[in-house]
Amino acid sequence: MIGTGDAAPEAPDAERFTPEYFAGLGRSALQGISFGTADEAEAFVRSLIGEETYKQERDKIRAGLDKFRSNFPVEAYGTEIAASVPSGVGLAALLTRLGIKGAMKQAGAGGALYGAGAAEEVSDVPVSAATGGMLGAGLAKVAPVVSERAKDLMSKGIPLTIGQSIGGGAKRFEEAISSVPLVGDTIRTAQTSAVEKFGPASINEALKPMGVQIPMSLKGSEAFSAAIDQIGNAYQKALGFSGVPYSQTVDGLVKKFGAGLQPTELKELKNILNRELKPRVKDGKLTGQDFKAAQSAIRKEGYDFITSQDKYQKNLGEALNEVVSDITDALAKEAPDAASQLKSIDAAYSRIVPIKTATIAAEATEGVFSPAQLQRAITREGRREGTKLARGEAAMQQFGRAGRDVLGPKLPDSGTATRGIASTALLSGLTGGQFGFPVTSAIGGALGASLYTPLGQAALRKGLPPVGKAMRSPAAGGLLSQQVPSPISSAQAGSIEDMAAGGNIIGYETVIDRLGDRVTYAKTDDGRYIRVR
């Protein structure tokens, strides 16, 4: 039926917390759980036990849903989307078992299934499913998702900005607007705070084997000094044992570990042991301090040789490492508790070494190093374990990569045009398109800056997970598919509407009339409404 009028009729006022309200919530939830098919299921059951046909029951149920959505859109759509999240998780698990992986593919499948279920008629299913699939995949693509690496860094006390948390385009946009007045200053302050906390967080990651931490309030050289004090105190405590029986002679060690060495390297092995081990073995024992001194000295010599390009010197480095292991095994047999403590401390110390290198490299910033500086130090110190480094298994390597990926810049320094466009877009959006006026620009800058205060960032981080889940839910794409006019139906209706309105239709509006029926109107540019169905 086609008719004209000056305005679309408005739905009567509705009250919350009535039986009808809770019935609407229940139906919305069931729609979400069932991929938009609960109305058909309910209509089928009602038609079996009642006097009305399936179509009559279905249309009545749909009219009730539409009325609830019109009166309480937040509760209706919010409940439906939230209820569809568990169903989407179950569908994703099934698709994964079938070999269909990837967030976009799975969200697209969920949107398509929901679009098909939400289609008004069977003939609408193909178009509705295709539209829902495309919208579902698109929403999953742009949905804000905190990366796993970002979650890991935040769990270690690093206050990431929203752009750093999400990464990708959000991070590039954040960097692009860092030159905006007020906003830029706040963004750079937040980014600097994250880098400053990266240092003590790195140290605490290195100290993990010891089970100790330094305060996150420390930064730069001060933080590194605190870490060294922790390690030094631990060594002093662990080395309090009276002595370790060690009866191996230099000649015995050379014979045991020097097989296969060339004469020059064999001679050097003997010289090192005579210099670093023999003087410290007294009465067939190594005291705690002598044990550590010999172990550290021989280990250092071994590192120097094993990183050489000469294969014979590499063999010498490996022989020296074997001697260190032999000394350590003697401690493990005599004082297992002390050996366990020393092993943990040694592990922590080896993880601190690249942090020391990065701290020295950051002398200009008082020891506050960047993730890139730490990663370079890890690469440099990891040369002796080339295979581990290549496989990403060197000490602190994954932590360094996470820092570089999350905190490192994504926008090139030369991205001036991008920065200008992003800055204009931000201020235009915040000030209603009036960018260019000093007052409104200042207001826009202040509004943007408020998002980067600790309170603003905490609020945004709290809201990200539910927003992301909602956008990736099957109902998001499926429900939106019903709001996008079908190209076929639009073309068919368009010819009739154009004849009635002179070709001046600018939009559509669907309402529930006083009889509870759903009515769609076409809105013209002269303010008239034309009923199309």
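This is a predicted model: local features need pLDDT of at least 70, side-chain atom pairs count only at pLDDT 80 or more; totals for chains, interfaces and linings use all residues.
The loop between helix H16 (336-361) and helix H17 (371-381) is where Glu366 sits, with helices taken as DSSP runs (H or I, at least four residues), strands likewise (E, at least two), and both numbered from the N terminus. Glu366 has a positive phi of about 60°, despite not being a glycine. Most residues other than glycine have a negative phi. At a relative accessible area of 64%, Glu366 is exposed; the cut-offs are under 20% for buried, over 50% for exposed and partly exposed in between, with a 1.4 Å probe and protein chains only. Met396 also has a positive phi, here about 70°, and is not a glycine either. Its place is the loop between helix H18 (386-390) and helix H19 (397-407). Met396, however, counts as buried, at 5% relative accessibility.

Residues are numbered from 1 along each chain as its sequence is written, and side-chain values use heavy atoms, with hydrogens and water left out.

As for the overall picture, the chain has 24 helices and six strands. Of its 533 residues, 42% count as buried. Contact here means heavy atoms within 4.5 Å. Among contacts with a separation of 6 or more, 63% come from residues 24 or more positions apart. The accessible surface of the chain is about 28,100 Å², and carbon and sulfur atoms hold 57% of that; these areas come from the Shrake-Rupley method with a 1.4 Å probe, and for residues only the protein chains shown count as cover.

The largest nonpolar core has 69 residues, and Leu207, Leu331, Ile352 and Ile355 touch the most other members. Such a core is a set of buried Ala, Val, Leu, Ile, Met, Phe, Trp, Tyr and Cys residues joined through side-chain atoms within 4.5 Å. Not counting residues up to four places away in sequence, Leu331 touches Phe241, Val244, Phe291, Pro336, Ala338, Ala339 and Leu342. Another core, of seven residues, lies apart from the largest one and includes Leu91, Tyr114, Ala475 and Leu479.

Helix H12 (residues 250-257) has a buried set made up of Val250, Leu253, Val254 and Phe257. These four are on the same side of H12, because they cover an arc of only 100° around the axis, the arc being that of the directions from the helix axis to the C-beta atoms. On the other side of H12, Asp251 and Lys255 are exposed. The packing partners of the buried H12 residues are helix H13 (263-276) and helix H15 (311-334).

Helix H15 also holds Leu316, which is buried at 1% relative accessibility. Leaving aside neighbours within four places in sequence, Leu316 is in contact with Leu261, Glu265, Glu268, Leu269 and Phe305.

Back at the surface, Phe44, Val45, Leu48, Ile49 and Tyr54 form a nonpolar patch with about 540 Å² of accessible area together. Helix H2 (residues 38-49) gives the largest share, four residues. Leu48 is found in H2 and is exposed, with a relative accessible area of 59%.

Conventions
Patches are made of residues with over 30% relative accessible area and no salt bridge: like charges are joined within 9 Å, nonpolar side chains (Val, Leu, Ile, Met, Phe, Trp, Tyr) within 5 Å. A salt bridge is a side-chain nitrogen of Lys or Arg within 4 Å of a carboxyl oxygen of Asp or Glu.
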